[in-house]
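Biologist: Could you give me a close look at one part of this model, and then follow the chain outwards from there? I would be glad of the cut-offs behind each term as you go.

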Amino acid sequence: MADLDLLTRSLARNVKRWRTERGFTLDMLAARAGVSRGMLIQIEQARTNPSIGTIVKIGDALGVSVPTLLDYERGPQVRIVPADQTVRLWESEGGSYNRLLAGTEAPGPLEMWEWLLMPGESSESDPHPAGTVELVHVTAGELTLTVDGEEHRVPAGASASFEANTPHTYGNAGDEPVRMYMTVSVPPVQ
């Protein structure tokens, strides 16, 4: 089975499982996540590959991490993620990408990402639920982090943290690639 097919089936099974466990109808989850009921039906039937933005919105609405939604094998307390099993969820024609390295529920979703942003490229993110915090650490280049319309420069070796319940953008206005690691902590669903 191809990786994408496996992820699509895992996403379908896990969205349905968590939606049912939370007691959400399709309409309730659609409203909470800001996605259409039709999209949720297609996802739960493994008939579509939604964007990373859609997956993040669904995870936020369910109070689970992206790795939990994509997980195809529940295992022991310690989970090692081999390099060849990390998941690239966004990439651009210019060579930028993000890669989900690991994640868990602690007590809400907690995710660790690797990012590469090529010069002149950026990635926008919708607001996450209130209480969501993101931490970034830049290892190369200079990140232009825009949070709620305000730009912040984060050079290599520096880190930043912010509440991610407002629109935010990761950008590279420089001449060299930006490499960074990001951790996202989402509060549990109340």
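Modeller: Gladly! Helices H2 and H3 cross in a right-handed sense; a crossing is right-handed if the near helix is turned clockwise from the far one by less than a right angle, and left-handed if anticlockwise. Please keep in mind that this is a predicted model, in which local features need pLDDT of at least 70 and side-chain atom pairs count only at pLDDT 80 or more, while totals for chains, interfaces and linings use all residues. Residues are numbered from 1 along each chain as its sequence is written, and side-chain values use heavy atoms, with hydrogens and water left out.

H2 covers residues 26–33 and H3 residues 37–44. Helices (H or I, at least four residues) and strands (E, at least two) are DSSP runs, numbered from the N terminus. The axes of H2 and H3 are 9 Å apart and meet at an angle of about 110°; axes are lines fitted to C-alpha atoms, for helices over the stretch in contact, with angles from 0 to 180 degrees between N-to-C directions. The two helices are therefore roughly perpendicular (65 to 115 degrees; under 35 is roughly parallel, over 145 roughly antiparallel, the rest oblique).

From H2, the contact (heavy atoms within 4.5 Å) takes in Leu26, Asp27, Leu29 and Ala30, and from H3 it takes in Arg37, Leu40, Ile41 and Glu44. Five of these residues are nonpolar, none polar and three charged. Here Ala, Val, Leu, Ile, Met, Phe, Trp, Tyr, Cys and Pro count as nonpolar, Asp, Glu, Lys and Arg as charged, and the others, Gly among them, as polar.

Leu26 deserves a look of its own. Leaving aside residues up to four places away in sequence, Leu26 touches Arg19, Arg37, Leu40, Ile41 and Glu44. Leu26 counts as buried because its relative accessibility is 16%; buried means under 20% relative accessible area, exposed over 50% and partly exposed in between (1.4 Å probe, protein chains only).

With a relative accessible area of 30%, Ala46 is partly exposed.

Asp148 also has a positive phi near 55°. Its setting is the hairpin of S6 and S7, with two residues between the strands. At 55% relative accessibility, Asp148 counts as exposed, whereas five of the six residues of S6 are buried.

S6 and S7 run antiparallel, joined by six bridges; two strands pair if DSSP finds at least two bridges between them. Thr146 has Glu151 of S7 as its bridge partner. S6 is also joined to S9 by four antiparallel bridges, with Thr144 opposite Gly171. S9 (residues 168–171) in turn pairs with S4 in the antiparallel sense over four bridges, and there Ser122 stands opposite Gly171.

Together, these strands form an open, antiparallel sheet of four in the order S4-S9-S6-S7. S4 (122–125) and S7 (150–155) are the edges, each pairing on one side only. From one strand to the next, the twist averages 20°.
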